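Subject: Handing over a structure

Hi,

Here is the structure I promised to pass on. Please open it next to this note and follow along.

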Amino acid sequence: MCAMMLTMEQASIRQLDKLYKIETECFKKEAFTKHQIAHLLTDYNSVSLIAKCNNEIVGFIIGMMYPERNALAGHILTIDVLLSHRRRGIAQKLLGEIEKIFVEKGVKSCRLEVREDNAAALRLYQKLGYRKVAKLDGYYGNAHGIYLKKDLGES
Ligand SMILES: CC(C)(COP(=O)(O)OP(=O)(O)OC[C@H]1O[C@@H](n2cnc3c(N)ncnc32)[C@H](O)[C@@H]1OP(=O)(O)O)[C@@H](O)C(=O)NCCC(=O)NCCS
């Protein structure tokens, strides 16, 4: 339980082992490799945050920024919350916080892909204002993906 002790901070490469452990708990076969997470954490264009409950890392999010036409676009690459800490608003806070950072950096829109059978994630994104833009046939090999987007313009 962490109702009162949830904190968020920028992720660091020093936390790689723990983040990889959470990633494999959350995604199993589709998890990023440790090397990929290391790469993402250290990329100049990435924004990554961890959520801590009583000083233990219980979730994280990694996003990227890239130029698109005359603006910057954001892309959420992974969002993970430990099974033991779900349904307490942690993902919602991580996503809200990364969007805030994106906006401060001039990002105008944010997008992401999700498995079409990932009901929890789809509900989360739609609750936070993401709208379905396209179906991605076979995106996950054995499952289709959904491409979602949110305008961060005036938020
Ligand atoms: C998806 C995930 C990140 C959600 O994390 P979480 O901290 O439990 O989510 P939150 O508590 O912030 O939930 C916010 C909203 O999302 C929706 N939601 C979250 N989990 C849900 C579930 N299991 N079933 C239905 N809706 C769900 C609800 O609308 C919820 O609001 P509510 O609790 O007021 O109803 C988490 O389940 C997870 O890590 N899953 C494995 C990794 C994954 O699939 N990541 C997304 C890949 S695109």
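Predicted model: local features only at pLDDT ≥ 70, side-chain atom pairs only at ≥ 80, totals over all residues.

Residues are numbered from 1 along each chain as its sequence is written, and side-chain values use heavy atoms, leaving out hydrogens and water.

First, the salt bridges (a side-chain nitrogen of Lys or Arg within 4 Å of a carboxyl oxygen of Asp or Glu). The structure has 8 of them. As background, side chains of opposite charge can pair when their charged atoms come close.

One of them links K150 and E99, with 2.9 Å between the closest N and O atoms. K150 sits in strand β7 (residues 145–151) and E99 in helix α3, so this pair ties together parts that are 51 residues apart in sequence. (Helices and strands here are DSSP runs, numbered from the N terminus: H or I with at least four residues for helices, E with at least two for strands.) Are the two partners buried or exposed? K150 is buried at 14% relative accessible area, and E99 is buried too, at 9%. The cut-offs are under 20% for buried, over 50% for exposed and partly exposed in between, with a 1.4 Å probe and protein chains only.

Helix α3 (residues 90–104) also holds both E97 and K100, 3 residues apart, or about one turn of the helix. Their side chains meet in a salt bridge at 3.4 Å, N to O. E97 is partly exposed at 26%, and so is K100 at 48%.

Then there is R115 with D117, at 2.9 Å from N to O. R115 is buried at 18%, whereas D117 is exposed at 52%. Through shared partners, salt bridges join E30, R115 and D117 into one network.

Now for strand β5 (residues 107–115), where 8 of the 9 residues are buried. Strands count as paired if DSSP finds at least two bridges between them. β5 runs parallel to strand β4 (residues 71–81), with 4 bridges, and A73 stands opposite S109 in β5. The chain gets from β4 to β5 through α3 in a right-handed β-α-β crossover (clockwise from the first strand over the helix to the second, with the strands pointing away from the viewer). β5 and β7 are antiparallel, joined by 7 bridges. There, C110 faces K150 in β7, and K150 is the salt-bridge partner of E99.

Cheers
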